[in-house]
Amino acid sequence: VWRSFKASVSSASAQQDFLTEAADMGADRLQGYTRAEDYYSGQHRVQLTTRERQYLQASGIPYAENFCETIVDTKAGALKVRGFASDDEAMQDFAKLLWSDNRMDAGQKRVHRGAVKLGDYFVIVEPGNPPELCPNHPARVKVVYDSDEMLYGVKVWNTRRRSASNSNADTIQRMNIYWPDAISKWYCESSTGDQWAPFRETEDEEGNTAFWTMDGTPDGEPIGIPVVHFANKPDPFYGVSKLRGVIPQ
């Protein structure tokens, strides 16, 4: 998949166009997450006169009829992974060990609450021994679908971590693109639309691609896109916040 994508990009400008599009998280989607976060935390669009504010906030807490937090916490609190079942006993033991090593008893709470509150949340499986399960806020992750098939996933974030591509520890924007058989890594020097360049963590890295295959080689069997999308009532692919019906009230 990764090779076929590279072959389809016929020029450097076409590659930059694709990377710029991949890094776009979508203004409407991000606005929806911000609105849900605001209402969950009690930051409502309430217009009060000075006198109304004086008696409604006598407790010292900003006034809001905040049903949103209760709705999210009640639903998310009912969601819990109970265990793992598999005909392959070794695979079942591996799943249990992976879960405990990544402290997912706590991590799952972030995922469940986030998916209920925002409509979406993501878990990305990062390479390692054992692999690392990383809950991710949907404002920095997106997935691209073709019909019901996920084509690739994208994560974009800012960092000042020192690396071969950022020797001065400046603020740079990072982007990982997750294919079924590879993870390609990119960066730009600011979040204002600079050109994307291949990212390298260390000087001895060859290229900016980690092959996500069973044997770690370009021709190995693909493991699959390491991005799991938790969507509440997907419509059609991205989810809908559990708060959508109550926010107008």
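Mentor: Happy to! One term comes before anything else: two strands pair if DSSP finds at least two bridges between them. Please also keep in mind that this is a predicted model. The chain has a mean pLDDT of 89, with 94% of its residues at 70 or more. Confidence is highest in strand β9 (residues 227–231), at a mean of 97, and that strand belongs to the part you asked about. At the other end of the range stands helix α1 (residues 2–8), where the mean is lowest, at 65. Where pLDDT is low, the predicted coordinates should not be read in detail.

Now to the sheet itself. It is open and has three strands, in the order β2-β1-β9, with antiparallel pairing. Strands β2 (132–136) and β9 form the edges, each pairing on one side only. On average, and ignoring direction, neighbouring strands are turned by 20° against each other.

Let us zoom in on one pair. Strand β1 (residues 120–126) and β9 run antiparallel and are joined over five bridges. In this pairing, Ile-124 stands opposite Val-227 of β9. Helix α7 (residues 104–118) packs on the sheet and touches β1, β2 and β9. The direction of α7 makes about 145° with that of β1.

One last stop is the cysteines. Cys-134 counts as buried because its relative accessibility is 16%, below the 20% cut-off. Cys-68 also counts as buried, at 4% relative accessibility. The structure holds zero disulfides.

Notes
Residues numbered from 1 in each chain as written. Predicted model: local features only at pLDDT ≥ 70, side-chain atom pairs only at ≥ 80, totals over all residues. Heavy atoms only, no water. pLDDT = per-residue confidence, 0-100. Helix = DSSP H or I, 4+ residues; strand = E, 2+ residues; numbered from the N terminus. Axes fitted to C-alpha atoms, helices over the stretch in contact; angles between N-to-C directions. Contact = heavy atoms within 4.5 Å. Disulfide = S-S within 2.5 Å. Buried < 20%, exposed > 50% of the residue type's maximum accessible area, 1.4 Å probe, protein only.
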